[in-house]
Amino acid sequence: MNSVFLIRLVQFILSISLLVLLHEGGHFFFAKLFKVRVTRFYVFFNPKFHLFSTYDTWFRRLFRKNPVVVPEKVVKDEDGKEHKEKEYVGTEYGIGWLPLGGYCAISGMIDETNQKLSEEPKPYEFRTKPAWQRLLIMIGGVLVNFLLALFIYSMVLYHWGESYIQTKDMSMGMKFNTEAKSLGFKDGDILVGTDKGEFTSFNTDLYRDISEAKRVDIVRNGKAMSLTLPGDLNLLEMIKKQPPFVTPFVPAEIDSVLPGTVAEKIGMAKDDKILSINGKAVESWNDFTLEISKLNDIVTAKGTKADSIKGRTVNITFTHHATGVTETKRTMLDSEMRLGVIQKSIWSYYKPIEIKYGFFESFPAGIRYGIDVLRSYVDDLKYVFTSDGAKSLGGFGAIGSLFPPMWDWMMFWRMTAFLSIILAFMNILPIPALDGGHVLFLLYEMITGRKPSERFLVIAEYIGFGLLILLMIIANLNDILRWLGYM
């Protein structure tokens with residue numbers, strides 16, 4: 001297990017654990033507020049066994065309080081003998097072993113816990129509470145995740161501020177792919193804005209604006225000019241293409257070399273500059289990525305191990321920054337076609353605009369930022385229903401790869417906030433087995449005054465849960481196919 005994978009894995013587990021804990025905590029809070037019994041509260045699932053569990057009756061004993069019990073009742077054991085027993089009404093808190101989510105088991109609620117509802121309803125059960133209380137219990141998790149994302153964004157802005165490089169200040173210009181050049185762009189053009197407004201930083205919003213624009217403003221060779229665009233470019237294709245539609249020009253200079261990698265073995269070091277791969281000139285990281293992508297296509301097409309090794313063997317020419325000496329080394333890229341270097345970012349070449357926020361100023365800024373992220377995410381969902389969109393779905397591997405390869409607290413918290421917004425939005429979708437499905441049925445009840453039958457709710461829960469499992473299988477299968485080189 002290499003260090004990059006381990007760092008990303010730890011960040012992913014820490015982030016997901018926090019989000020699941022607080023999401024289920026939202027349901028738990030409103031359930032307790034309305035005196036609904038919660039029998040289990042688990043972070044991660046626990047089929048067959050769990051890693052840890054305890055009861056809140058243990059906490060009660062710790063603080064010298066008697067556990068709350070219901071009256072004794074007569075039960076039958078496996079041999080059919082009757083005896084009396086007390087039933088503790090405390091909550092079991094635990095950590096499961098399967099990191100696919102978590103759950104808050106609420107008494108009297110039809111959910112994935114498959115609890116029996118054949119007995120007479122009890123006053124402490126979910127199903128006996130007014131519809132508005134049940135609604136708050138159901139949206140509690142989504143509400144917490146959304147507010148958490150806004151809070152994290154606010155605190156990130158407060159602690160680190162906001163830094164960005166305006167595209168019009170990127171004097172080295174941009175690199176464009178074949179599709180972009182067919183629309184009139186040329187390498188070295190500097191993007192300024194569109195008929196929708198001026199660009200700020202280089203991000204997904206820039207792609208989105210270009211995809212919807214009828215006109216784009218650029219600077220070419222020091223002269224301002226405009227290009228006409230169709231206004232309906234496919235955003236997903238613009239981003240997914242290798243090379244992408246447009247990327248900032250970044251010289252092929254090395255920021256750092258990862259230990260134990262190919263680059264370290266051939267003597268590469270910080271600030272060295274890559275000049276060519278297999279004799280093909282490399283002026284920028286854009287060129288480097290393109291050449292590696294071509295080699296990867298060749299390796300993927302090869303059938304035997306010998307062919308794969310041959311395809312991964314390359315001649316790399318680079319200049320040592322410390323000595324100025326240029327040399328060519330023959331080496332073999334790793335199984336994932338990686339050299340093992342971190343490229344210098346665009347931040348190394350331009351002075352960013354920096355904005356600092358006071359504590360109270362950070363909240364409206366964080367709220368605006370979070371709402372913009374949510375709006376962009378919702379807007380991009382339309383691509384999920386295309387064939388390319390389905391292929392772009394990713395599972396746990398894809399999510400984990402979004403975290404940086406080196407520990408960076410700012411990026412960790414930004415990713416956690418982003419995942420929190422996604423978790424909130426996905427959970428509020430009106431799909432049975434999700435919070436949104438329960439909310440939909442509750443709204444129906446509040447409007448019509450009639451509850452859906454328990455049989456209908458159980459069937460809907462199974463159908464929704466099946467769809468979620470299918471979606472999860474597809475997303476993670478896509479991860480596996482990408483790893484194997486078939487996508």
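Trainee: In which crossing, left-handed or right-handed, does H5 pass H10?
Mentor: A crossing is left-handed if the near helix is turned anticlockwise from the far one by less than a right angle, and right-handed if clockwise; here H5 passes H10 in a left-handed crossing. This is a predicted model, in which local features need pLDDT of at least 70 and side-chain atom pairs count only at pLDDT 80 or more, while totals for chains, interfaces and linings use all residues. Residues are numbered from 1 along each chain as its sequence is written, and side-chain values use heavy atoms, with hydrogens and water left out.

Trainee: Which residues make the contact of H5 with H10?
Mentor: Contact means heavy atoms within 4.5 Å, and in this case Thr204, Asp205, Arg208 and Glu212 of H5 meet Ser376, Asp379 and Asp380 of H10. With Asp, Glu, Lys and Arg counted as charged, Ala, Val, Leu, Ile, Met, Phe, Trp, Tyr, Cys and Pro as nonpolar, and the others, Gly among them, as polar, the contact has five charged, two polar and no nonpolar residues.

Trainee: In what order do the four strands form the open sheet?
Mentor: Helices (H or I, at least four residues) and strands (E, at least two) are DSSP runs numbered from the N terminus, and two strands pair if DSSP finds at least two bridges between them. The order here is S14-S13-S15-S16, with antiparallel pairing. S14 and S16 stand at the edges with a single partner strand each, so one side of each is left without a neighbour in the sheet. Strands S13 (residues 273-277) and S15 (residues 313-319) pair over four bridges, and Ser276 stands opposite Thr317 in S15.
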